[in-house]
Amino acid sequence: MRLIFSSLLALTLLSAPGAFAAFASERIIIVTHSDNTGVRLSREQIRNLFMGASVGRDLQPVALPPGSRTRSLFNIKIVGLSDSRVQSYWAQMKFTGRRPPPQIVNSEEAMVQYLLNTPSSIGYLTADTDLPEDLVIIYATD
Amino acid sequence: MIKIPGVAAVVSALLLSAEACYAEKLTDNLEISGFARVIGGYLSHSSRRFDGYTNEVSLDEQSLLAVQPSYSFNDKLSVSSQFVAHTSDDRDSGLEWAYLSYQPSSAWHFRAGKLRTPFFIYSDGYDVGYSYPWVTAPVQVYNNYLFSNFNGASASYYHAGNSLALNLEAYYGYFKGDLFLAGTKVDVETEVEDLAGIVATINRNNLSLRMSYHQAHNTTEIPNVSELRSQLYALGYNDSAKSLESSGNVYALQTSLSYDTLNSFYKAEWVNIVTGYEIAPEITGYYLMAGRVINDWTLHATYSRSEYSAVKMSNELPMPPTGNPQQDMLSTAYYQVFASTPNGNLDSYTLGTRWDFRMNMALKAEITLLEESRSRSGFFMSPSSNDSTENAYLYQVAWEWIF
């Protein structure tokens, strides 16, 4: 029992090993159609939207597939969880019938096309993406 | 009811389709997804059974395979169902839930049909092992849930403001079927009417608070107890007879707080179940958990406890021996009912690890020290009633898969 208590303490006190440091320098932009130019969302609202909550407008989140590097960056910088924890979350939502996960597109090129064709959608891309005129950035990470 | 021959069926199904990674869209409208778990466990106790486990390695207690077909008529209307094949005899295999879902906007979600009961955080997703870090979610909270599904309807509302996200869910329905007490199927049918509950979840940054309240009217007739009760009424022992009533209201209250960061997570959940009849004691269960995430690895530690209140039995019947054999038999039967009702405490300490080795698969291992601090916690099953306090280690490994 003592062993378990000290392990619990060790788990809590262990300093962050910098597991995700490699990603730190890359930036993510949150992008939507220029029809939604007036839309302002905080990081928290974007997080909630991509975790299945409504933000009062019918904006449909679009995600990249699990395993994609940009998806990992988005999960780390906006959602604040590792890929596997986000996967666990969606497994819970889906298999309890509560909320379906966001629509998934297969690549960043497909994301750009999808956002152009579906003005009510919102997605994420790496900051160095060449954006067509009809897409606008509504949030950028540091 | 489908009974599958055992874990072999689950394993072969897994191996056959292990290459199919994600949900399969058969047509634009029909999607098939699912999950599976293979769990092995061993209990270090020579004579007791805990959650189905004994001192022989078993793969058949919690392993399962679930398939979830879902058909969308359009963006707003769909039907979903879930079929689960359990390897354990304590759980019924077959249709776990099936309902019609209507989402008029992203803020509202209505469901009607056979639904999972959303008592506690993981109640409706208890079978989806992939969604939580443990092999077995704390039994003191999750093995006391009375039933896993109900027939009825639920309404859910979501809103995310600038800094708060809110989800409110209300449901109403009824249930008829097997009753569980401390994780063991009681061989009687129970009838639950006017089942209603409300669940509020509030998220702010990394913090999540869930509070819920559930109530129902429950009737469970245990044949031997009913017979004894009738005899007591007939002989004028009304107080004693009344204390054996097994029909009345049941109330469950739950509160939990979770804090999640990129590298760590903390969770505490507390539940309290009270019944309006004396033969069923009040139970309080809770757990505290902390975990760390290091790349694909998760390490976690949990302390968990359950406490039963004392049952209120009547002292109207004279204690044997009274010189009257018939009287003695009646008294003995009455006091035995209460002597077999759980009224102890169980503490447990769990250390576990999870490795997410693929995007949709995880391996887990955990060790739990189970300690009764007051005898008859209700979790250690034994052939005879016995007032000793038991303790044991439970070792478990698991393979979790979603597709």
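Two residues are taken to be in contact if their C-beta atoms, placed from the backbone, lie within 7 Å. The model examined here is predicted, so local features need pLDDT of at least 70 and side-chain atom pairs count only at pLDDT 80 or more, while totals for chains, interfaces and linings use all residues. Residues are numbered from 1 along each chain as its sequence is written, and chains are lettered from A and ligands numbered from 1 in the order in which they are written.

With that in hand, the meeting of the two chains can be described. In chain A, 37 residues are in contact with 43 residues of chain B. Helices H1 (2-13), H2 (43-50) and H4 (83-95) of chain A each give at least two residues to the side that touches chain B, and H4(A) provides the largest share, eight residues. Sorted by class, this side of chain A holds 17 nonpolar, 16 polar and four charged residues (nonpolar: Ala, Val, Leu, Ile, Met, Phe, Trp, Tyr, Cys and Pro; charged: Asp, Glu, Lys and Arg; polar: the others, Gly among them).

Chain A itself contains five helices and five strands (DSSP runs of H or I with at least four residues, and of E with at least two, numbered from the N terminus). Their order along the sequence is α-β-α-β-α-α-β-α-β-β. Of its 142 residues, 39% are buried, that is, have 20 or more other C-beta atoms within 10 Å of their own. Among contacts in chain A with a separation of 6 or more, 68% join residues 24 or more positions apart.

In chain B, just after H3(B), B:Gly236 adopts a positive phi of about 85°.

Technical notes. Buried ≥ 20, exposed ≤ 12 C-beta atoms within 10 Å, placed from the backbone.
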